Amino acid sequence: MTDTGYWTLALVAGAVVILAVGALLGLLVYFVKLIDDRVAEVRYTLEAVVEKTEHAALVPKTAATVDAVLSEGRRHHLLLDRATSGSGS
Amino acid sequence: MVLTAVEIVVLVAGLTVFLYRLGTLLNRIAANLRECAALVRQVREQAGDIVPGVTHLNRSGKVVARTLPLLYAFAERLVARASAPQRHGPARQASCARRSGPHDATDFRPK
């Protein structure tokens with residue numbers, strides 16, 4: 001083979017390598033873009049979850065209110081106990 | 001020679017473009033993941049109140065549910081006593097004689 005032949009072969013091989021690298025990099029960019037989109041979806045879902053769990057702060061307040069109802073009920077219980085035992089005697 | 005240089009330039013340019021695109025995407029992914037980590041911390045903080053709060057709520061609610069029938073029973077007893085008929089003593093005749101006559105207030109005089 002002549003020098004020109006070797007050069008042509010080398011150029012063709014180089015072109016093939018460039019195309020292969022381009023295709024693989026394109027695939028890599030596609031997968032990374034997919035990961036970016038899915039991570040963005042996860043972020044939006046987490047933002048929605050945060051909005052919902054913000055209201056969880058009401059739970060201890062509700063528990064305190066039920067305690068207040070309970071103590072009021074105890075007072076009523078004592079009053080009625082006194083009333084029934086007082087009217088019975 | 002020229003074609004070789006052109007091939008090298010095309011390869012380098014292509015790699016530059018792809019690497020720039022990849023770098024942009026990876027930076028965006030890193031920012032989103034940082035945001036996700038902060039959101040997860042926030043959720044964990046907020047959800048920490050749920051279990052102790054609900055346990056407390058259930059405990060107090062059970063006691064209230066057990067106490068209400070007792071209150072109702074007391075109230076029923078009171079209502080029953082309040083609505084029981086009152087006992088009156090037997091009707092008694094007047095103990096003294098009548099002081100005025102039946103016709104004293106009128107002009108009627110029986111014959």
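This report describes chain A, chain B and the interface between them in a predicted model.

Local features are reported at pLDDT of at least 70 and side-chain atom pairs at pLDDT 80 or more, while totals for chains, interfaces and linings use all residues. Residues are numbered from 1 along each chain as its sequence is written, chains are lettered from A in the order in which they are written, and side-chain values use heavy atoms, with hydrogens and water left out.

**Chain A**

Chain A has 2 helices and 0 strands; helices (H or I, at least four residues) and strands (E, at least two) are DSSP runs numbered from the N terminus. Of its 89 residues, 21% are buried, where buried means under 20% relative accessible area, exposed over 50% and partly exposed in between (1.4 Å probe, protein chains only). The accessible surface of chain A is about 6200 Å², with 69% belonging to carbon and sulfur atoms; the areas come from the Shrake-Rupley method with a 1.4 Å probe, and for residues only the protein chains shown count as cover.

**The interface**

The size of an interface is often given as the accessible area lost when the parts come together. Here, the totals are as follows.

| Property of the interface of chain B and chain A | Value |
|---|---|
| Area buried | about 3800 Å² |
| Share of that area from carbon and sulfur atoms | 79% |
| Residues of chain B in contact | 40 residues |
| Residues of chain A in contact | 44 residues |
| Salt bridges | 1 salt bridge |
| Polar contacts (both at pLDDT 80 or more) | 7 residue pairs |

Buried area is the accessible area (1.4 Å probe) that two parts lose on being put together, summed over both. Contact means heavy atoms within 4.5 Å. A salt bridge is a side-chain nitrogen of Lys or Arg within 4 Å of a carboxyl oxygen of Asp or Glu. A polar contact is a pair of N or O atoms within 3.5 Å; within protein, one must be able to donate a hydrogen and the other to accept it, and residues adjacent in sequence count only if both atoms are side-chain atoms.

On the side of chain B that touches chain A, helix H1 (2–47) and helix H2 (50–82) of chain B each give two or more residues. H1(B) gives the most, with 22 residues.

**A:Asp36**

A:Asp36 lies in helix H1 (residues 3–53) of chain A and counts as buried because its relative accessibility is 3%. Its side chain forms a salt bridge with that of B:Arg28 (2.8 Å, N to O). Beyond its neighbours within four places in sequence, A:Asp36 is in contact with B:Leu25, B:Arg28, B:Ile29 and B:Asn32.
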